[in-house]
Amino acid sequence: MTIFRWKALGPMLGFLVIVIVLWTLFIDHIIRKTVEWAGTAANGAEVDLSSATLHTFRGRIDLGRLQVTNPKAPATNRLDIAGMTADIHVAALLEKKANVETLSVSGVRFGTPRARPGRVVPPDTSKGFFARELASFADRAHIPPLDLSGLARLTGWHGVSADSLQTPKQAKAIQARGDSVKTALEGSLRAADPTPAIDSARALADRLKNQNPRTLGPAGAVKAAQDVRTALANLQASQQRLTSLKGDVDRGMQSVRTSVASLDDARKADYQYALHLVHVPSLEAPDLSASVFQRMALERIQPYLDMLAKAEQYIPPGLRPRRTTGPKRLRMAGTDFHFPKEHHYPTFLVALAHADVTLGGTGAAAGTYLAEARGVTTEPPVYGRPMTFTLMRSAAAQGPDRIRAYGLIDRVTDTPRDSLAATLTGVDLPGYDVSPVGAHLALGKGNLEITLARHGEQLLGRWHVVSDSVSWSRLGASTSTGADPAEKDSTKIGSKAWVDALLWRTVSGLRAVDVDARISGTLRDPRIDINSNVGGALSQSLSRAVGAEVQRLQAQARADVDRLVAQPIADARAKADQIQSGVAKQVSDAQAKLDQAKADLEAKLRELTSPLQQLPGGLPRLPRP
Amino acid sequence: MLLLKLLQSIIKTLNSEGTPGQVAMGMALGACLGLTPLVNVHNALVFALALILNVSLSGFFLGWTIAVPVGFLLDPLFHAIGTALLGAGALQGLWTWMYNVPGLPLTNFNNTVVLGSFVAWLVLLWPLFLLYRMLIARYRQHVFERLKKMRFFQVMSASQLANVYRWFVP
């Protein structure tokens with residue numbers, strides 16, 4: 001009986017031929033369906049690809065028209081690409097990795113209509129930290145309301161109760177804490193009292209005052225020296241206890257002093273509380289700027305944060321084995337383990353992509369653009385370089401001088417670093433309803449600069465818009481329709497009519513607008529600072545109108561708070577001084593006495609031992625205490 | 001109908017002219033296709049092996065058929081084995097090397113069910129062969145002599161459908 005069945009080779013070769021034929025017939029279809037499936041999952045709405053042609057031996061794929069449905073407007077395409085050609089690294093395919101060496105994209109358009117509305121799929125809920133945090137980012141940023149109704153109550157200061165202030169409570173707590181610190185330290189001082197050791201040392205010094213080795217004799221001198229050493233050892237032990245106690249005293253004092261210093265912050269908080277009682281609104285330019293423009297800035301920055309969120313969803317940071325759900329099949333899907341290796345083929349990579357993008361229409365952005373991206377990969381640590389992209393206008397349909405955008409997404413290390421920067425010069429800026437001042441702001445032609453950087457959870461960003469050709473129009477709902485006649489009285493300070501008139505008078509005279517929004521902090525705790533000439537103008541107008549009265553009230557409130565908190569603060573400081581002058585001084589005095597007694601005894605010891613060293617045969621070895 | 005074909009396959013296989021060893025090895029190899037997820041490179045290799053080696057192809061398909069439900073039932077166990085192997089710290093170097101060698105990732109070895117079931121089949125290959133060989137030998141010695149006199153058995157054996165694989169019967 002033979003081991004091999006050679007006649008089976010024929011059917012096997014036949015099977016192989018069938019596989020090759022099937023590959024040739026269906027691989028283009030499989031690629032097309034795969035692109036549509038993956039694109040739909042990533043986009044959240046239907047993605048259509050008209051054709052795909054694989055040139056296996058040349059390592060090239062030609063893709064036809066790609067339409068990416070806009071999930072928010074399914075009848076239009078978010079992105080419409082006429083064609084793409086990708087040169088693929090064939091060796092990487094043998095490792096189930098898609099590495100594109102160059103990708104050429106032509107005829108990119110946006111917002112084109114679809115023949116039929118695209119299907120929208122439910123969003124993926126398994127998002128990364130950034131994406132989860134982003135969903136509530138705008139809610140986390142506190143936007144101060146522009147509430148000037150408090151100006152109506154600028155009639156007088158009715159005082160504030162001491163019980164409602166923080167400073168007196170905090171000062172009392174500090175006093176109580178000072179007492180407990182003092183009691184504890186005094187107890188420790190009693191336990192470490194060096195007086196018995198000092199008295200004993202002094203008595204010994206007195207006894208040996210007129211003695212010397214000759215009068216004591218050799219045996220007496222040895223005995224005396226031993227007594228002196230024992231006394232010195234006792235003094236040393238007492239000194240160590242005192243040193244330890246001094247450390248406790250210093251720490252206790254430091255703690256109390258820190259608490260006393262925090263009283264200044266408590267007093268500032270009490271000032272704010274007192275001002276809040278009379279609803280005196282802030283008339284500072286930054287606060288007014290934030291009230292007017294913070295919402296607008298957040299809405300304009302949000303799309304760029306969305307881009308970073310998408311990046312995190314598909315490009316996780318760091319190089320580590322990852323686990324994903326296995327492929328769908330009749331059998332259990334299991335889990336796919338991925339074992340990336342540095343400087344090898346990433347699972348997906350587009351080393352270089354360039355595209356000619358055309359924006360149609362007659363708008364400010366219309367024209368042709370050159371876009372280039374490098375290092376687009378799902379595994380940056382494997383590729384070893386960050387992803388970068390640039391976009392610049394090559395020809396404008398009209399108007400704008402310069403549009404340039406640059407981005408970097410660095411996920412090479414565990415700490416993600418992303419940055420985006422865009423500069424648009426001389427473009428028609430979109431208008432905005434500035435509801436806090438009841439007006440629509442048409443920004444006209446101006447400049448826009450956006451920078452956004454993320455390092456780990458830290459955010460740093462700027463949205464800066466400048467225009468010197470703005471126009472304002474009053475929003476219809478802004479006119480006062482309140483039932484209260486006082487609210488319609490434009491002469492009554494703080495009434496809605498008065499506020500509306502003042503705001504409109506101020507902003508309608510502005511022809512130039514400069515809004516500079518700076519984002520800092522983290523997604524959990526974002527901080528947004530707004531500077532604007534509009535806020536400055538509002539601040540000046542309001543200060544002129546009610547500034548003197550507001551300042552008088554503010555001074556009165558501060559004085560009232562000062563009066564109520566002065567004594568508790570003085571008491572707390574006195575308590576700190578008391579600890580300093582009491583326990584701390586006692587410890588210092590005891591240390592000084594100890595040092596003196598120690599010095600006396602050491603001198604005596606030298607006197608007793610030095611002549612004995614010169615005796616014939618030397619000094620017998622003294623027992624150490 | 002499906003059940004009849006299965007019965008026919010069993011009868012033809014167990015009573016073919018192949019030795020119990022050839023049938024048993026065919027069945028043990030066929031178990032790979034049933035125990036592990038089908039559409040994988042290693043199954044193509046095992047199938048090619050079954051064609052090239054002088055084993056019973058009827059036995060191969062019978063072994064495959066028997067192992068399919070077992071594979072489905074044992075998937076959680078295979079997943080656990082694969083997870084333990086792919087997550088083992090001592091083997092990370094081996095997996096990382098294999099993951100980055102051209103061709104090897106196409107085997108889907110990095111999937112827990114694929115690796116777990118394949119390793120389980122490899123471990124069971126020889127015991128399955130011994131078990132099948134013993135059962136076939138006993139069957140032919142004790143059962144077949146009685147069965148071949150039965151009417152039902154003669155009808156099943158006479159069907160031409162089973163001749164599809166006659167070329168490959170040893």
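The model is predicted, with local features needing pLDDT of at least 70, side-chain atom pairs counting only at pLDDT 80 or more, and totals for chains, interfaces and linings using all residues. Residues are numbered from 1 along each chain as its sequence is written, chains are lettered from A and ligands numbered from 1 in the order in which they are written, and side-chain values use heavy atoms, with hydrogens and water left out.

**View 1. The two chains, side by side in numbers.**
Read from its N terminus, chain B simply goes α-α-α-α-α-α-α. Of the 625 residues in chain A, 41% are buried; for the 170 residues of chain B the figure is 45%. Buried means under 20% relative accessible area, exposed means over 50%, and partly exposed is in between (1.4 Å probe, protein chains only). Now for contacts, meaning heavy atoms within 4.5 Å. In chain A, 68% of those between residues at least 6 apart in sequence join residues at least 24 apart. In chain B, residues 24 or more positions apart make up 77% of the contacts with a separation of 6 or more.

**View 2**
The strands line up as β14-β15-β18 of chain A, with antiparallel pairing; two strands pair if DSSP finds at least two bridges between them. At the edges sit β14 (432-434) and β18 (471-474) of chain A, each pairing on one side only. Neighbouring strands in this sheet are turned by 30° against each other on average, direction ignored. Axes are lines fitted to C-alpha atoms, for helices over the stretch in contact, and angles run from 0 to 180 degrees between N-to-C directions. Look for the four bridges that join β15 (residues 439-442) of chain A to β18(A); in one of the pairings, A:L441 has A:W472 as its bridge partner in β18(A). Helix α11 (residues 496-508) of chain A packs on the sheet, touching β15 and β18 of chain A, and its direction makes about 160° with that of β18(A).

**View 2. Helices α5 and α7 of chain A, packed together.**
The axes of α5 (residues 166-191) and α7 (residues 213-277) of chain A come within 9 Å and cross at roughly 175°. α5(A) and α7(A) are therefore roughly antiparallel to each other: angles under 35 degrees count as roughly parallel, over 145 as roughly antiparallel, 65 to 115 as roughly perpendicular and the rest as oblique. Their contact has 13 nonpolar, nine polar and four charged residues, where Ala, Val, Leu, Ile, Met, Phe, Trp, Tyr, Cys and Pro count as nonpolar, Asp, Glu, Lys and Arg as charged, and the others, Gly among them, as polar. The 26 residues of α5(A) reach 38 Å from first C-alpha to last, close to the 38 Å expected at 1.5 Å a residue; that expected span is 1.5 Å times one less than the number of residues. Among the buried residues of α5(A) are A:A171, A:I174, A:G178, A:V181, A:K182, A:L185 and A:L189.

β12 (residues 402-410) and β13 (residues 417-428) of chain A pair in the antiparallel sense over nine bridges, and they form a hairpin with six residues between them. A:I409 stands opposite A:D418 in β13(A). A:A421 also belongs to β13 of chain A, and it counts as partly exposed because its relative accessibility is 32%. Leaving out residues up to four places away in sequence, A:A421 touches A:R404, A:A405, A:Y406, A:I450 and A:T451. The C-alpha atoms of A:A421 and A:T451 are separated by 4.3 Å, though the residues are 30 apart along the chain.

**View 3. Strands β17, β19 and β20 of chain A.**
β17 (residues 458-467) and β19 (residues 513-521) of chain A run antiparallel, joined by seven bridges, and A:H464 has A:D516 as its bridge partner in β19(A). β19(A) also pairs with β20 (residues 526-532) of chain A, in the antiparallel sense over seven bridges. There, A:R518 has A:D529 as its bridge partner in β20(A).
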